Amino acid sequence: MFNYKLISMIKKLFFLLLTLISLQTFANIGINPDFWIISQKVYNNRVSKGKDVILYRYIIVADFDKNYKNIFNTKDEDALLSMFSYMLYKNKTSLIEKYIANYDPSLKINTLISAMYYFSKKEYSKSIAYLLTFENKKYSFLKQLLLADCNYELLSDKNNFNSVIKLYQDALDTAETEQYKALVNNRIKFIKYR
Amino acid sequence: MNKSVKSLLLLSGLALIAGCTSTKKIQRNLNSKSHSMAYLMDSKISDVKNNINVALDTIYFNSNIISDTSIVKKKKSWFIPLVVVYVWHAQLDCSQGKSMFTENIPEFLRYSMMDEVKRSGNFSIDTLNYPDYTVELSIDELKTEGPYISSGFFYFALYAYGYSYSDVAGPAISKLDVSYRLKRGDQVVCSNSFHSQKITRQINRKYTNLNILQQDYAASMVEAVSYNFKNVIELITNDINSYISNKV
């Protein structure tokens, strides 16, 4: 009788734990444990609630699209980025690999998606190569921030970071909102306190 | 001596060693690593540059205004060794030294000033051609000081014992005074002095490794100096902008 109650309680705790984990609104980008991917809406929510946004290096995307399985059926660039971002957030490895192997290279957004893919695998040099060929004013901030992050991660001596300050400055100068400026300044804070 | 008494004495000794943070240890940690003052500029980028050239001349810096290494001094401390309870508290004063900085201070001011003028100045900064004006800068005050408080207790009663300790760093106050003299030939045409002050956040969260807390304290002090330099450099650039706008 006692054992049954104990097992039942452990089961409930286990499900509660699973629920709490699934409620987390940001996650590592793919298998990269050093960066976190988050939607703009959730990031705004965290900032407004005064939650810590300094100690995490966030990659903010406009939106997450949970209908990620439709990624092979659309040509809408914003939708593709939202779906792929959601796949990175949920670390849907097999589907991510399938998309990267089969995407339409004529769609420019797939260059940014490739950069994010290699970024999520910590293959920063490959990510930089894609970022340098990607031009879209709408995503210029994301591009500059990823470029700066990649170059920082490639530093052999992380304490000698002055060479990447210029890249973070470029990111800050493309930031259109105070929130994005704060995001870049938080990167500098992270670097200084790491 | 009874074995259990020996164990308790050993435990109390260990607790005290772990809890009481020595002045020398904090000083060593504050000096152990240098931190960069590098910062990101966020001033408005100047749309128009006129033809006036300003050369950045001498930067006066009396290196005695800041010590070579960071210094920690005991302000007050007490220790109460009661029979079953030991309580300790120490308040220390930490002063920033040059060892905290990665950069050479006057050189950092020079390069930061040049970068700011290139960004938000309505004039050009040039040292190669014959300049219309020269500017001299002087670092008149550079000081960052703050407290470090270490406290804790240890108790034991028969076979039960416990201890707790906490270290709190800051808030430190960082002050910077920089003056400038804009000269046309040998004549000073404009001068001013600017002050900036920044108070760091107190670091009071629990660290498992106090060395990291002390290094973070040093990083926060350098961050405050970096903020002050950014602030003062922007103020000087704006001041020279105003003078030059009136002359054009």
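## Exercises on a two-chain predicted model

In this predicted model, 12 residues of chain A are in contact with 9 residues of chain B. Grab the structure and work through the tasks below.

**Exercise 1. Find out which helices of chain A each supply at least two residues of the side that touches chain B, and what kinds of residue make up that side.**

Solution. 
- Step 1: start with the helices. Helix H8 (162–174) and helix H9 (178–193) of chain A each bring at least two residues to the side touching chain B.
- Step 2: look for the main supplier. H9(A) gives the largest share of that side, with 6 residues.
- Step 3: sort the residues of this side of chain A by type. You get 7 nonpolar, 3 polar and 2 charged.

**Exercise 2. Describe the fold pattern and overall dimensions of chain B.**

Solution. 
- Step 1: count the elements. Chain B has 4 helices and 8 strands.
- Step 2: Chain B reads α-α-β-β-β-α-β-β-β-β-β-α.
- Step 3: check the dimensions. The C-alpha trace of chain B spans about 90 × 30 × 25 Å along its principal axes.
- Step 4: look at burial and contacts. In chain B, 30% of the 248 residues count as buried. Take the chain B contacts with a separation of 6 or more: residues 24 or more positions apart make up 83% of them.

**Exercise 3. Locate the cis peptide bond between B:Gly170 and B:Pro171.**

Solution. 
- Step 1: check omega. Going from B:Gly170 to B:Pro171, omega is near 0 degrees, and the bond is cis.
- Step 2: B:Pro171 sits in the loop between strand E6 (160–169) and strand E7 (173–184) of chain B.

**Exercise 4. Where do A:Asn91 and A:Lys122 lie, and are they buried, partly exposed or exposed?**

Solution. 
- Step 1: take A:Asn91. Its phi is positive, near 50 degrees, and the residue isn't a glycine. A:Asn91 is in the loop between helix H3 (77–90) and helix H4 (93–102) of chain A.
- Step 2: count its neighbours. A:Asn91 has 15 C-beta neighbours inside 10 Å, so it counts as partly exposed.
- Step 3: move on to A:Lys122. This non-glycine residue has a positive phi too, about 65 degrees. A:Lys122 falls in the loop between helix H5 (109–120) and helix H6 (124–132) of chain A.
- Step 4: count again. A:Lys122 counts as partly exposed because it has 16 C-beta neighbours inside 10 Å.

Notes. Residues are numbered from 1 along each chain as its sequence is written. Chains are lettered from A and ligands numbered from 1 in the order in which they are written. This is a predicted model: local features need pLDDT of at least 70, side-chain atom pairs count only at pLDDT 80 or more; totals for chains, interfaces and linings use all residues. Two residues are in contact if their C-beta atoms, placed from the backbone, lie within 7 Å. Ala, Val, Leu, Ile, Met, Phe, Trp, Tyr, Cys and Pro count as nonpolar, Asp, Glu, Lys and Arg as charged, and the others, Gly among them, as polar. A residue is buried if 20 or more other C-beta atoms lie within 10 Å of its own, exposed if 12 or fewer, and partly exposed in between; C-beta atoms are placed from the backbone.
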